[in-house]
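Student: I would like to learn how to read a model of this kind, going from surface features to helix packing and then to charged pairs. Could you take me through it step by step?

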Amino acid sequence: MVLKVNHLSSGYGNVKIVNDVSLEVNTKEIIALIGRNGVGKTTLMKSLIGHIKSSSGKIYLHDIDITKLSPAKRAALGIGYVPQGRGIFTRLSVLDNLRMGENVGGNPRSTNFERVFQFFPILKERGSQKAGSLSGGEQQQLSIGRVLVGNPELILLDEPSEGVQPNIVQTIGEIIRRLRDEEGLTVLIVEQNLDLIGAVADHCVVMDKGSIVTQLATKDLNNPDVARKYLAI
Amino acid sequence: METFAAVFDVIYQLFDNIGFLILAASGLVIIFGMMGVINMAHGELMMIGAYITAFSYHAGIPAPIAIIFAGIGAGLVGMILERLVIRHFYKQLLSSLVVTWGLSLLLSQGFLIIFGPSILNVPTPFGNFPIGEQTFGIYRLVLFAVAIAMVASVWAIFTYTKFGTRARATMEDPDMANALGVNTGNIYALTFGLGCAMGGIAGGMFALTATISPFFGINYTPLAFITVVTGGSANAISGLISSALSLAGIQTGINNLVNVYIGYVAMIGAAFVILLILPKGISEYIERRKIRVRKVTNK
């Protein structure tokens with residue numbers, strides 16, 4: 001098991017948004033975290049990387065308790081975070097954005113980015129361009145490529161399809177699968193896009209009002225009634 | 001010969017004014033232009049640099065080394081202030097204004113109590129050179145050269161070093177930088193310290209031309225802010241250069257056409273007009289033009 005969340009609660013100030021969530025993600029699994037807008041999916045992701053402090057409960061990476069660690073330390077232990085809105089540094093060049101991935105684990109070292117370019121050839125072409133001038137899809141690829149530089153074991157992907165044109169969403173889906181199949185990565189993905197969930201997820205965990213309410217097989221979402229019940233469609 | 005001397009005089013003044021603005025603003029361009037901290041105590045960091053320079057010089061240390069000490073000293077004081085005080089007020093413009101204003105009073109009054117109202121000045125080195133009837137101080141040209149060298153090194157540090165990349169990333173999105181393994185607290189402290197070190201060096205350079213007192217900083221803080229704000233933060237370095245060029249140009253021109261006082265007023269008026277037309281500063285306009293040109297050439 002890579003990630004284990006035990007009765008986790010978190011939120012902003014006194015407002016509790018994530019409420020008593022327990023979750024397990026196994027090695028080389030791709031789990032989709034789904035649910036309507038505003039049920040706490042992104043807040044849960046932010047709690048997992050450490051941008052939001054947890055008010056109670058525990059988070060384990062393998063058997064290490066990471067609940068109190070800073071985001072930088074969690075990254076060093078192998079969590080790669082691709083936030084909602086992509087979080088790229090718009091004023092830095094594409095290559096400088098990738099170089100930021102080298103900071104994981106303390107001493108920055110020079111990496112060769114060929115492995116990243118193999119998955120995202122467009123980033124090689126755009127290398128010297130300001131990242132802010134990339135299209136949404138290219139920025140998304142940069143954000144995923146950047147965490148790959150730090151050799152994570154688990155990637156937290158928050159809505160990678162948001163603001164990305166459909167054919168690129170499909171490409172990103174294929175790459176997520178390849179990352180698991182070829183590189184052995186584990187992925188926890190928050191997503192609303194049925195096609196992308198269908199293409200990548202082993203199974204789905206459904207959130208509602210801050211808690212996990214049920215688990216679904218990915219194919220269950222082919223049933224429009226189920227999809228309508230759990231997603232913002 | 002007389003015309004040449006008159007023309008040289010204006011060019012000399014222009015270089016002097018440009019050098020003054022760039023040097024006064026070189027540390028603030030990091031602290032306010034890049035980090036967004038309204039540091040009202042920036043002049044006091046320069047004052048600390050001036051004191052370190054004067055004390056070192058009178059202890060027998062050569063002026064250039066005394067000025068480097070000033071940079072190191074002001075940088076260390078800056079990092080301590082950042083860790084103890086400033087870091088609690090990022091992204092809170094008004095609070096940072098009030099708090100750093102308090103710091104500035106604390107520092108200047110503290111120096112007044114400890115060292116008294118004035119200390120022994122440091123003589124201006126290098127002497128003069130004559131052109132026609134007039135003589136010109138060589139040190140003013142050195143100030144200009146150092147100002148250019150400081151801007152170039154700030155630019156090089158932030159463009160080419162790993163620290164620079166991490167600092168720019170942290171200033172844009174500290175949470176994301178942290179999630180990528182960057183110790184953002186250290187980056188903030190170092191960046192603020194670097195800005196203060198630049199201020200300390202500038203203070204040390206000015207110490208050789210001015211009376212050194214606890215209120216030394218008051219001469220520089222307002223002009224430093226005017227220069228940095230007029231330049232804008234879209235690209236802090238090109239902003240600093242373009243605003244120093246235009247403000248010093250107007251100041252020098254009016255200065256010679258009317259008088260020194262009106263020259264100052266015209267410079268501040270020019271900053272006012274520039275900010276009315278380009279509220280985000282000159283650099284924002286330059287960056288916009290660049291993007292437009294790139295789009296046109298891509299087609």
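Tutor: Let us begin at the surface, keeping in mind that this is a predicted model. Helix α12 (residues 260-277) of chain B supplies the largest share of a nonpolar patch, namely five residues.

Student: Which residues make the nonpolar surface patch, and what is its area?

Tutor: The patch covers about 710 Å² and is built from L257(B), V258(B), V260(B), Y261(B), I262(B), Y264(B) and V265(B). Of these, V260(B) is a residue of helix α12 of chain B, and V260(B) is also found in the contact that α12(B) makes with α11(B).

Student: At what angle do the axes of α11(B) and α12(B) cross?

Tutor: They cross at roughly 145° and come within 8 Å of each other, and the crossing is right-handed. On the α11(B) side the contact is made by S246(B), L247(B), I250(B), Q251(B), I254(B) and N255(B), while α12(B) contributes residues including V260(B), I262(B), Y264(B), M267(B) and I274(B). Sorted by class, this contact of α11(B) with α12(B) holds 11 nonpolar and four polar residues, with no charged ones.

Student: Which residues of α11(B) meet helix α10(B)?

Tutor: G239(B), L240(B), S243(B), A244(B) and L247(B) of α11(B) meet I226(B), T227(B), T230(B) and G231(B) of α10(B). Here the class count is four nonpolar, five polar and no charged residues. As for geometry, helix α10 (residues 221-231) of chain B packs against helix α11 (residues 236-257) of chain B at an angle of about 115°, the axes being 7 Å apart, and this crossing is right-handed.

Student: Turning to charged pairs, how many salt bridges are found over all chains?

Tutor: A search of the whole structure gives 15 salt bridges over all chains. One example joins E138(A) to R126(A), with 3.0 Å between the closest N and O atoms.

Student: Where do E138(A) and R126(A) lie in chain A?

Tutor: E138(A) belongs to helix α6 (residues 136-149) of chain A, whereas R126(A) sits in the loop between α5 (121-125) and α6 of chain A. The two residues are 12 residues apart, and the pair links distant parts of the chain.

How values were computed:
Residues numbered from 1 in each chain as written. Chains lettered and ligands numbered in written order. Predicted model: local features only at pLDDT ≥ 70, side-chain atom pairs only at ≥ 80, totals over all residues. Heavy atoms only, no water. Axes fitted to C-alpha atoms, helices over the stretch in contact; angles between N-to-C directions. Helix = DSSP H or I, 4+ residues; strand = E, 2+ residues; numbered from the N terminus. Left-handed = near helix turned anticlockwise from the far one by under 90°. Contact = heavy atoms within 4.5 Å. Nonpolar A, V, L, I, M, F, W, Y, C, P; charged D, E, K, R; others polar. Patch = residues over 30% accessible without salt bridge, like charges linked within 9 Å, V, L, I, M, F, W, Y side chains within 5 Å. Areas by Shrake-Rupley, 256 points an atom, 1.4 Å probe, with all protein chains shown as cover. Salt bridge = Lys/Arg side-chain N within 4 Å of Asp/Glu carboxyl O.
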